[in-house]
Amino acid sequence: MTQKVAVLGTGKIGEALLSGMLRGGWSPSRLLVTARRPERAQELRDRYGVEAVSNTEAAKSADTLILTVKPQDMRPLLDELAPHTPAERLIISGAAGIPTSLFEERFQPGTPVVRVMTNTPALVDEAMSVVSAGTHATEAHLALAEEIFNGVGKTLRVPESQQDAATALSGSGPAYFYFLVEAMTDAGILLGLPRDKAHDLIVQAAVGAATMLRDSGDHPVTLRENVTSPAGTTINAIRELENHRVRAAVLDALEAARDRSRELASGKG
């Protein structure tokens with residue numbers, strides 16, 4: 001493998017990608033990292049044996065640049081990179097809401113760009129990463145992006161027009177589940193359980209339910225109906241969820257997340 005890849009802005013997600021590539025067989029000599037703080041750069045050097053460089057050095061020497069900074073930090077980073085980035089560099093962006101067209105405008109004509117929306121389960125190799133091609137990205141560019149992100153979970157290709165929706169569902173998705181677990185844990189305390197026991201019960205229920213959703217092949221409605229006996233406890237709980245319009249609230253919440261992704265694309269901070 002002769003590709004040299006640089007991870008720019010190596011925070012938690014960037015470090016997860018770096019670790020995944022190394023476990024997947026990438027040589028540390030083929031990997032570069034950049035970090036805002038010198039002590040963070042040294043930490044990455046010591047932990048992974050990779051070279052830490054400046055953003056400018058990465059742009060000049062790496063074949064692929066993975067940009068993992070926050071959306072609000074992306075435009076200043078592009079200003080720094082653009083004068084030093086040849087047209088053949090592959091740009092992989094992990095920033096929510098920012099379209100490939102912005103990168104294509106800032107970099108040299110013909111620069112290939114791949115947009116990827118991943119999520120925080122990358123930290124435990126259970127990410128869902130959604131991959132879209134820019135105007136000049138080829139099958140080989142997409143395959144390389146998938147190879148990198150498959151090291152921390154699964155990947156799915158979608159047209160870029162679906163990226164904002166994917167961000168709302170998958171990019172932000174883990175937070176919704178954490179919110180639900182928090183609420184259910186509080187309910188367990190209200191019902192008389194100690195917090196630690198309520199937490200363990202809910203977390204294992206969530207893990208088991210997610211595994212069944214992934215592995216059984218059954219529709220969520222079927223799985224829910226299998227738990228819902230006539231006149232039983234579950235149907236009473238479901239009735240209350242419907243009375244409080246939880247389903248409608250979820251639809252509204254995801255629309256709000258999608259709309260915010262579109263705002264980020266327009267440059268609104």
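1. Strand β6 (residues 113–117) is mostly covered in this predicted model: five of its five residues are buried, where buried means under 20% relative accessible area, exposed over 50% and partly exposed in between, with a 1.4 Å probe and protein chains only. On one side stand Val 113, Arg 115 and Met 117, on the other Val 114 and Val 116, and all are buried. In a regular strand, side chains alternate between the two faces of the sheet. Strands here are DSSP runs of E with at least two residues, helices are runs of H or I with at least four, and both are numbered from the N terminus.

2. Residues are numbered from 1 along each chain as its sequence is written. Local features need pLDDT of at least 70, side-chain atom pairs count only at pLDDT 80 or more, and totals for chains, interfaces and linings use all residues, while side-chain values use heavy atoms, with hydrogens and water left out.

3. Which strands pair with β6? β5 pairs with β6 in the parallel sense over three bridges, and Ile 91 stands opposite Val 113. The chain passes from β5 through helix α5 (residues 100–106) to β6 in a right-handed β-α-β crossover; right-handed means that, with the strands pointing away from the viewer, the path from the first strand over the helix to the second runs clockwise. With strand β7 (residues 127–133), β6 pairs in the antiparallel sense over four bridges, and Val 116 stands opposite Val 131. Two strands count as paired if DSSP finds at least two bridges between them.

4. Strand β4 (residues 64–67) has Thr 64 and Ile 66 pointing one way and Leu 65 and Leu 67 the other way, and all are buried. Four bridges join β4 to strand β1 (residues 5–8), and these two run parallel; Ile 66 is the bridge partner of Val 7. Four bridges also join β4 to strand β5 (residues 90–93), again in parallel, with Leu 90 as the partner of Thr 64. β4, α4 and β5 make a right-handed β-α-β unit.

5. The second largest pocket holds about 1,200 Å³ of space. Of its 39 lining residues, the closest to its centre are Gly 9, Thr 68, Val 69, Lys 70 and Pro 71. A pocket is an open set of points on a 1 Å grid over the protein atoms alone, where a 1.4 Å probe fits, with protein on both sides within 12 Å along at least five of seven lines; lining residues have an atom within 4 Å of a point. Grid points are joined across faces, edges and corners, and the volume is the space filled by probe spheres set on the points. The largest share of the lining, five residues, comes from α4.

6. A UniProt annotation from an unreviewed entry, "domain: Pyrroline-5-carboxylate reductase dimerisation", covers residues 160–264. Such annotations may be inferred rather than shown by experiment; positions are in the numbering used here and feature names are shortened. The span is 82% helix and 0% strand, and its end C-alpha atoms lie 15 Å apart.
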